[in-house]
Amino acid sequence: MLARALFQVGDLDGTIAAAEPARGSSQRQAIEELLAVAFLRKGRLAEASQAFERALEAGPNPQLLFGLGVALAGHGRDREAARTLEQLVALAPRTAPAWVELAAVYQRLGRAEDRRQAAETARRLAPAASADAEFRCGLEAYAKGDLAG
């Protein structure tokens with residue numbers, strides 16, 4: 001598929017242009033997923049959210065739920081992002097990046113105890129990531145409640 005080839009070489013505008021006309025095809029879920037990721041990378045968060053939601057019509061998928069959660073959070077729809085990420089961690093509880101994103105969303109929602117628990121779960125699941133100072137410091141700040149909302 002041309003859209004996938006364009007995506008693989010980093011041509012996001014070309015990916016979107018090639019994939020949008022194929023939305024009604026038999027490969028609808030794959031097209032919507034490709035569009036969702038391209039829109040997300042372009043910062044077109046409302047369109048990314050819509051494409052992730054359409055791709056998820058076939059059923060829950062951890063990668064799609066994560067993408068949707070990130071897009072919703074980036075678009076300021078934190079309550080919906082929290083619900084989406086909570087669905088993801090219920091489906092795939094060992095997904096550390098989802099717990100990190102959930103901690104950030106809980107921070108913005110003022111849910112301090114939930115934020116602390118999500119950050120602690122992320123830290124427990126991804127000890128190797130603690131070598132990354134930004135990751136470690138961010139998680140510690142979430143756990144301690146030192147970050148402003």
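**Figure 1. Salt bridge between Lys42 and Asp13 in the predicted model.** The model shown here and in the legends below is predicted. The side chains of Lys42 and Asp13 form a salt bridge with an N to O distance of 2.9 Å. This pair ties together distant parts of the chain, since Lys42 sits in helix 3 and Asp13 in helix 2, 29 residues apart. Lys42 has a relative accessible area of 37% and is partly exposed. Asp13 is likewise classed as partly exposed, at 47% relative accessibility. Side chains of opposite charge can pair when their charged atoms come close. A search of the whole structure returns 11 salt bridges.

**Figure 2. Salt bridge between Glu80 and Arg77.** The side chains of Glu80 and Arg77 meet at 2.6 Å, N to O. With a relative accessible area of 29%, Glu80 is partly exposed. Arg77 is partly exposed as well, with a relative accessible area of 26%.

Figure 3. Helix 8 covers residues 112-125 and contains Arg115. Is Arg115 buried or exposed? Its relative accessible area is 7%, so Arg115 counts as buried, the limit being under 20%. The side chain of Arg115 makes a polar contact of 2.7 Å with the side chain of Gln107. A salt bridge of 2.6 Å, N to O, joins the side chains of Arg116 and Glu113. Both residues of this pair, Arg116 and Glu113, belong to helix 8 and lie 3 residues apart, about one turn of the helix. An α-helix has 3.6 residues a turn, so residues three or four places apart point the same way. Arg116 is partly exposed, with a relative accessible area of 33%, and Glu113 is partly exposed at 42% relative accessibility.

Figure 4. Which residues of helix 3 are buried? They are Ile31, Glu32, Leu34, Leu35, Ala36, Ala38 and Phe39. The buried residues of this helix pack against helix 1, helix 2 and helix 4. Just after helix 3, Gly43 adopts a positive phi of about 80°.

**Figure 5. Phe52 and helix 4.** The buried residues of helix 4 include Phe52, together with Leu45, Ala48, Ser49, Ala51 and Ala55. Helix 3 and helix 5 are among the elements that cover them. Not counting residues up to four places away in sequence, Phe52 touches Ala36, Val37, Leu40, Leu64, Gly67, Leu68 and Ala71.

**Figure 6. The largest nonpolar core.** This core holds 37 residues, and Leu35, Phe52 and Leu102 touch the most other members. At least two core residues come from each of helix 1 (2-8), helix 2 (12-19), helix 3 (28-42), helix 4 (45-55), helix 5 (62-74), helix 6 (78-91), helix 7 (96-109) and helix 8.

**Figure 7. Thr84 in helix 6.** Thr84 is located in helix 6. With a relative accessible area of 9%, Thr84 is buried. Which residues is Thr84 in contact with, leaving aside its neighbours within four places in sequence? The list is Leu65, Leu68, Gly69 and Leu72.

**Figure 8. Thr95 in the loop between helix 6 and helix 7.** The loop between these two helices contains Thr95, which is partly exposed at 24% relative accessibility. The Thr95 side chain reaches the backbone oxygen of Ala92 at 2.9 Å. Thr95 and Leu125 are separated by 30 residues in sequence and by 7.7 Å in space, C-alpha to C-alpha.

**Figure 9. The whole chain, for context.** The secondary structure consists of 9 helices and 0 strands. Of the 149 residues, 38% are buried. Among contacts with a separation of 6 or more, 44% are between residues 24 or more positions apart. The chain exposes about 7800 Å², of which carbon and sulfur atoms supply 51%.

Key
Residues numbered from 1 in each chain as written. Predicted model: local features only at pLDDT ≥ 70, side-chain atom pairs only at ≥ 80, totals over all residues. Heavy atoms only, no water. Helix = DSSP H or I, 4+ residues; strand = E, 2+ residues; numbered from the N terminus. Buried < 20%, exposed > 50% of the residue type's maximum accessible area, 1.4 Å probe, protein only. Polar contact = N/O pair within 3.5 Å; in protein donor to acceptor, adjacent residues only side chain to side chain. Contact = heavy atoms within 4.5 Å. Areas by Shrake-Rupley, 256 points an atom, 1.4 Å probe, with all protein chains shown as cover. Core = buried A, V, L, I, M, F, W, Y, C linked by side-chain atoms within 4.5 Å. Salt bridge = Lys/Arg side-chain N within 4 Å of Asp/Glu carboxyl O.
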